[in-house]
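I set down here what I looked up, entry by entry. The model is shown below.

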Amino acid sequence: QVQLVESGGGLVQAGGSLRLSCTTSGRTSGFYNMGWFRQAPGKEREFVASVAWSGSTYYGDSVKGRFTISRDNTKSTLYLEMNTLKPEDTAVYYCAEGSYSTDARNYNYWGQGTQVTVSS
């Protein structure tokens, strides 16, 4: 059973930066796609970024140019580098494993989430 654990969330001022990590375990194959999603109170889960097993990346429009997704397969870890943070980036951030997709329904495994709060 694949398990995902996020870390790195916290409180940051607008314009600041954070790096989220997602450590994975229980995988039997080295070929997998992963993504980051976020959910703010009262809103639907939103696609943030994805990275394919090949290394290809894709970003949601609201974070393009500010966030960077990356992976270290030797450490089984996914990262999300977030720069120039805005109050509207406040949400619980989830990492997920599944298809290379912007649709949360195409991801099979999810972490428990980590809270990111950006103060104005």
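Where is the place of Asn 33? I worked from a predicted model, and I found Asn 33 in strand S4, which covers residues 33-39.

Is Asn 33 buried or exposed? I noted a relative accessibility of 14%, and buried means under 20%, so Asn 33 counts as buried.

I then looked up what surrounds this residue. The side chain of Asn 33 reaches the backbone nitrogen of Trp 53 at 2.9 Å. Beyond its neighbours within four places in sequence, Asn 33 is in contact with several residues, including Val 51, Ala 52 and Trp 53. Arg 71 is also among the contacts of Asn 33, as are Ala 96, Glu 97, Gly 98, Ser 99 and Tyr 100.

My next entry concerns strand pairing. I found that strand S1 (residues 3-7) pairs with strand S3 (residues 18-25) in the antiparallel sense, over five bridges. Opposite Glu 6 stands Cys 22 in S3. S3 also pairs with strand S8 (residues 77-82), again in the antiparallel sense, over six bridges. There I recorded Arg 19 opposite Glu 81 in S8.

How many disulfides does the structure hold? I counted one disulfide. Cys 22 and Cys 95 form it, with their sulfur atoms 2.0 Å apart. The link is right-handed, with 55° about the S-S bond. Cys 22 lies in strand S3 and Cys 95 in strand S9 (residues 91-98), so the pair ties together parts that are 73 residues apart in sequence. I noted finally that Cys 22 and Cys 95 are both buried.

Key. Residues are numbered from 1 along each chain as its sequence is written. This is a predicted model: local features need pLDDT of at least 70, side-chain atom pairs count only at pLDDT 80 or more; totals for chains, interfaces and linings use all residues. Side-chain values use heavy atoms; hydrogens and water are left out. Helices (H or I, at least four residues) and strands (E, at least two) are DSSP runs, numbered from the N terminus. Buried means under 20% relative accessible area, exposed over 50%, partly exposed in between (1.4 Å probe, protein chains only). A polar contact is a pair of N or O atoms within 3.5 Å; within protein, one must be able to donate a hydrogen and the other to accept it, and residues adjacent in sequence count only if both atoms are side-chain atoms. Contact means heavy atoms within 4.5 Å. Two strands pair if DSSP finds at least two bridges between them. A disulfide is a pair of cysteine sulfur atoms within 2.5 Å.
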